[in-house]
Amino acid sequence: VSLGAYSVYDLVQLGGGGAVGVVVGVEHDRLRLLDTQNNVHVATLQQIGQKRNRRHATSSDAHHNTLQLGDMVTVIDGEYKERRGVVKHIFRYFAFIHCKQHLENNGIFCCRTGQLYLPVSYTHLTL
């Protein structure tokens, strides 16, 4: 599902500040966006900045393991404690996680990367 150049799960700039959000829904001529504070915003195409290309973004989990897109993580603290999901986007110290059991916002929620744990068996090995 898309609107203009934007599709569900895209990371986009919100307004003119430094904030970002993930597209979690499309409604007629507007997009529903989830920000880093787990607030949903409804915005027109004119209110949204460009897509953010963060494919090579990394951060550290609670145990200083390197997180990257596609990693399977477990939330160990906060509102989403004990949920597991896949890292969809990383922005600064925030990760947008896709969890099939999370029924709101197309399965997306956001938390600080320090609240995540990447099991060693899931870490990406560099040779």
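The legends below describe close-up views of a predicted model.

Local features are given where pLDDT is at least 70, and side-chain atom pairs where it is 80 or more, while totals for chains, interfaces and linings use all residues. Residues are numbered from 1 along each chain as its sequence is written, and side-chain values use heavy atoms, with hydrogens and water left out.

View 1. Gln-13 is part of strand β3, residues 11-14 (strands, E, of at least two residues, and helices, H or I, of at least four, are DSSP runs numbered from the N terminus). Is Gln-13 buried or exposed? With a relative accessible area of 13%, Gln-13 is buried (buried is under 20%, exposed is over 50%, and partly exposed is in between, using a 1.4 Å probe and protein chains only). Apart from neighbours within four places in sequence, Gln-13 has contacts with Gly-18, Ala-19, Val-20, Ile-48, Gly-49, Gln-50 and Arg-52 (a contact means heavy atoms within 4.5 Å). Gln-50 is 37 residues from Gln-13 in sequence, yet their C-alpha atoms are 5.7 Å apart.

**View 2. The salt bridge between Asp-10 and Lys-51.** A salt bridge places a side-chain nitrogen of Lys or Arg within 4 Å of a carboxyl oxygen of Asp or Glu. The count by this rule is 3 salt bridges. In one of them, the side chains of Asp-10 and Lys-51 meet at 3.4 Å, N to O. This pair links distant parts of the chain, 41 residues apart: Asp-10 is in the loop between β2 (6-7) and β3, and Lys-51 is in strand β7, residues 48-51. Asp-10 is buried at 16% relative accessible area, whereas Lys-51 is partly exposed at 42%.

**View 3. The salt bridge between Glu-27 and Arg-32.** Side chains of opposite charge can pair when their charged atoms come close. Here the side chains of Arg-32 and Glu-27 form a salt bridge of 3.8 Å, N to O. Arg-32 is partly exposed, at 23% relative accessibility. Glu-27 is also partly exposed, at 33%.

**View 4. The salt bridge between Asp-29 and Arg-30.** The side chains of Asp-29 and Arg-30 meet in a salt bridge at 3.6 Å, N to O. Asp-29 is partly exposed, with a relative accessible area of 47%. For Arg-30 the value is 38%, again partly exposed.
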